[in-house]
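I opened the notebook today to keep track of what I looked up, one topic at a time. Here are my entries, in the order I made them.

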Amino acid sequence: MKHLLAIDDLSRAEIDGLLDLSESFIEVTQRDIPKIPALRGRTVVTLFFEESTRTRLSFETAAKRLSADTMSFSASTSSLTKGESLLDTVQTIEAMGVDAIVVRHPCAGAAHRVAQWVDASVVNAGDGRHQHPTQALLDLVTLRRRLGRGGFDGLRVVIVGDIRHSRVARSGVQALSTMGAEVTLVAPPTLLPESLEGWPVVVDDDLDSVLPEVDVVYLLRIQRERLAGALLPSQREYTSRYGITVERAARLKPDTLIMHPGPMNRGVEIAAEVADSPASTVTEQVANGVAVRMAVLWSTLGSGGQIA
Amino acid sequence: MPDDVLVKGGRVVDASGERVADVLVRDGVVIEVEAQLEPASPAARVLDAAGCVVAPGLVDLHAHLREPGDEDAETIVTGARAAALGGFTAVVAMPNTTPPLDDPAVVASVLAIGRASACDVVASGCITKGRRGEELAPMHELHQLGVRIFTDDGDCVADADVMRRALEYARSLPGAVVAQHAEDPALAQGGSMHEGAWSSRLGIQGRPAAAEAIIVARDIQLAELTGGRVHFLHLSAAPSVELVRAAKRRGLPVTAESMPHHFTLTDAECASFDPVFKVHPPLRTADDVAAIKAGLADGTIDAIATDHAPHVPQAKEQPFEQAPPGMLGLETTLALTLTELVEPGVLSLADALARLSWSPAGIAGLADHGGPIASGRPANLCVIDPALQWEVDRARLASRSRNTPYHGRKLTGRVRHTILRGEPVVVDGVAQR
C-alpha cells in the first residue's frame with residue numbers, strides 16, 4: 001500500500017489485514033517500552049492545514065513508537081492562499097527528504113492532490129468533508145475488539161447527526177458496509193447529503209424507532225457553526241430529536257455500543273452520563289487510534305518485515 | 001496597399017447556404033465569390049482551401065482576456081492570438097478585469113490594445129459599478145464606445161430590482177443586451193461543483209442546478225415586464241434550457257449561449273480532484289449534457305461560446321475547493337463542436353457554424369462579422385479543415401495559460417487559415433501576428 005487516501009481504495013481483505021496489524025501494534029503499545037525500531041531512519045512529516053491537536057498527536061505518537069523521525073508543518077490556509085501554492089509547499093517539504101506525508105486539510109481531495117505530486121507515501125488525516133480513513137479504521141478495530149472477528153456481518157449500525165459535513169461519516173459508511181455491516185443514517189434533512197445515490201445505507205427519520213434495533217450507535221459532533229445559519233432551528237430542538245439522552249439510552253438493547261469520534265459536545269448529541277457509561281467506546285477509540293496509525297505508517301512505508 | 005488574397009478550392013458555407021467557390025479579397029473586403037477564380041496579379045497571396053470549409057469568422061460572445069489586471073494569465077494580444085487560431089475573428093471581452101470594465105477609460109484602453117491584435121476585440125461593459133450588483137454602471141457612456149453586451153459576468157446580478165432597472169435602461173440604448181451570469185449566489189456561494197451524487201460522495205459543497213434555473217426564470221419574467229433584451233451566459237442545466245425554450249415560444253426577447261465543456265464533460269470528472277475541471281457554472285450530469293445538446297439542436301440555445309478563462313498554473317496547483325473556477329476554450333471550441341456535435345449528427349455543419357458565427361454576431365450586433373461571404377462584405381473568414389485529426393497538447397497552446405481540461409484528447413477538425421479584414425492572421429495553423 002503506497003498511500004492511504006480513502007477507504008474506497010481498500011478491499012475487505014486489505015481492511016482485515018490492517019485491522020490484524022493494528023491489533024499487533026496494540027500489543028506493542030501495551031509493553032513496558034512501547035517502542036520498536038521498525039521505521040528507524042524513516043522520516044514522517046505531519047502537514048496540517050487545519051487545527052487538530054488530537055489527530056496530529058496520535059500520528060506523531062504512532063511514528064515515534066515505530067522509531068521514525070517526525071517533523072511537523074502547520075499552516076493557516078488563509079496565509080497560504082495569498083502566497084505559496086499547495087504544490088510549492090509540498091515540494092519544499094519533500095525536498096527535505098521525507099518518506100511519508102500525513103496530510104490534514106480543510107479541502108476535499110487535498111491528500112489526493114499531494115499524492116499526485118510526490119514520491120513519498122501520503123496518508124490522509126482528514127480532507128475537508130471527504131474522508132478520514134484512519135478514523136474509520138480505528139472505529140473498526142474498536143468494534144472488532146468488542147465484538148470479535150466475525151462481528152461485522154449483519155451488524156446493525158446507526159450513524160446519527162451531521163452526515164452532510166462529515167468526513168467521518170463518509171469514510172465510516174464505506175468501511176462498515178465493506179465489512180458487512182448494515183448502516184442506517186438518521187439526521188435532520190438539512191444535515192443529510194443532497195444525494196445518497198450509491199451510498200450503501202438506508203435513511204430513517206425516526207431515531208426512536210431505530211434505536212431498539214441497533215447494535216451500534218455512532219454519534220457525530222454537531223459543530224456550533226451549524227446552529228448559526230438555517231440548518232438547525234436550535235440546539236435544544238436538535239438534542240430533543242437526535243441527541244442520545246439518558247432516556248433514549250435506556251431504550252437501547254443492553255449490549256448496544258455507543259461510539260463518537262470526539263471531541264464530544266456533552267449535553268448536545270450525547271448526554272454526559274451516556275458518554276461515561278460502559279457502553280461508550282470513546283476512550284478506546286482514541287487509544288486504538290495510535291495503533292491503527294502505526295499499522296498504516298508501517299504498511300505505507302512498505303517495511304514488510306517482522307514486527308520486532 | 002496590401003496584396004490580394006485568394007482563398008482557393010474550398011466549400012463556402014454561410015447563412016445563405018453552401019457552394020464550391022473561391023473567395024477573392026482586396027483591401028479587407030470580399031470582391032468576388034466564384035468557382036475557379038484566378039489571382040488578378042502575381043503578387044496575390046493564394047491560400048489553399050482544398051478539402052476545407054470556408055466560413056465567416058467565428059464570434060465568441062464570452063472570453064476572459066484578463067487584461068487589465070491579470071496579465072500573467074492572459075493578455076489581450078495573447079488571447080486574441082489564441083482566438084484567431086481557434087477561427088474567431090471577434091471575441092467579446094468579459095468585464096471582470098482589475099479594474100473592471102465599468103468605466104469608459106478602461107473600456108477605451110481595452111479597445112485600443114485590441115485594435116492591434118489578431119482578432120477584433122469587442123469590449124463588454126459592466127451592468128453595475130464595480131460589478132457589485134448595486135448601482136448601474138454608466139451604460140450610455142460605455143454604449144457610445146461601442147459596448148453592446150452589458151454583463152457583470154463572474155457574478156450574477158442577484159438583486160431583482162437592479163436587474164429590472166438595467167433591462168429598462170438598456171431599452172434606450174440601441175442594440176444593447178443585458179447578459180446574465182445566472183447563478184443565485186444565495187444557493188451557489190461556497191459551492192465548487194455541481195450539487196448531486198458526485199458532490200455528495202466527494203464531500204464538496206455543490207452549486208445546484210436550481211441556482212441557475214431560478215435566475216433564468218426570474219429574468220425571463222423581468223424581460224417580459226420591461227421589454228428589455230436578456231441574454232443568458234453559459235447555460236448549463238436542463239431546467240434552464242426548458243425555461244428558455246418556453247420563453248422563446250412566447251416570443252420574449254431572450255437569447256442564450258452554452259459552452260463546449262457543458263456539452264462534453266460531466267461532474268464525474270471532479271472525482272479526480274483536479275481543479276482544471278472546476279468552472280462556474282459547474283460541469284453537470286449526463287442528463288444536463290443531453291439537454292444542452294438538444295437546446296443547441298433546436299435553436300433554443302443560440303450560440304456556442306468559449307468562456308475562455310485562463311489561470312496561471314499555480315492558481316490551479318491548489319485543492320479543488322481553493323482553486324479559482326475557469327478553463328481555456330478559444331483553441332478547442334470549434335474542434336469540440338465538430339467532433340462532439342457535428343460528427344455524431346447532433347448539428348449539421350451549417351447549424352454548428354450558425355451557433356459559432358452568425359448567430360452570436362447578431363446577438364452582439366457585430367455587422368462586420370458572421371457573414372454572409374459575398375462581394376462587398378468585410379473579409380472576416382475562417383478556413384476549417386474538417387477532417388484534420390489532432391490531439392490537444394496544453395504545452396502547445398497559444399494562450400499564456402495551460403488550464404485546458406482537454407489535454408490529450410483527440411479531436412477532428414481544425415482551423416487552417418483565419419482572415420481578419422482581409423489579412424491572413426493564421427496561415428496553415430500558424431499565427432501571423
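**Domains of chain A**

I looked up the spacing first: the centres of domain 1 of chain A and domain 2 of chain A, taken over C-alpha atoms, are 26 Å apart. I noted that domain 1 of chain A covers 7-129 + 286-300, and domain 2 of chain A covers 134-282; such bounds come from an automatic or database domain assignment. I kept in mind that this is a predicted model, where local features need pLDDT of at least 70, side-chain atom pairs count only at pLDDT 80 or more, and totals for chains, interfaces and linings use all residues. Residues are numbered from 1 along each chain as its sequence is written, while chains are lettered from A and ligands numbered from 1 in the order in which they are written.

I then checked the contact between these two domains, which takes 20 residues from domain 1 of chain A and 17 residues from domain 2 of chain A. Two residues are in contact here if their C-beta atoms, placed from the backbone, lie within 7 Å. Helices (H or I, at least four residues) and strands (E, at least two) are DSSP runs, numbered from the N terminus. That side of domain 1 of chain A divides into 8 nonpolar, 5 polar and 7 charged residues. For these classes, Ala, Val, Leu, Ile, Met, Phe, Trp, Tyr, Cys and Pro count as nonpolar, Asp, Glu, Lys and Arg as charged, and the others, Gly among them, as polar.

**A sheet in chain A**

I followed β4(A) into an open sheet of 4 strands, with the order β2-β1-β3-β4 (chain A) and parallel pairing. Strands pair if DSSP finds at least two bridges between them. β2 (69-74) and β4 (121-127) of chain A stand at the edges with a single partner strand each, so one side of each has no neighbour in the sheet. The twist averages 15° from one strand to the next. I also looked at β1 (residues 43-48) of chain A, which pairs with β2(A) in the parallel sense over 6 bridges. V45(A) has M71(A) in β2(A) as its bridge partner.

**Where chain A meets chain B**

I counted 22 residues from chain A and 18 residues from chain B in the contact. α4 (86-95), α5 (110-117) and α7 (167-178) of chain A each supply at least two residues of the chain A side. α5(A) gives the most to that side, with 3 residues.

**Two helices in chain B**

Axes are lines fitted to C-alpha atoms, for helices over the stretch in contact, and angles run from 0 to 180 degrees between N-to-C directions. I listed I76(B), V77(B) and A80(B) in α1(B) as meeting V110(B), I113(B) and G114(B) in α2(B). The residues of this contact divide into 5 nonpolar, 1 polar and no charged.
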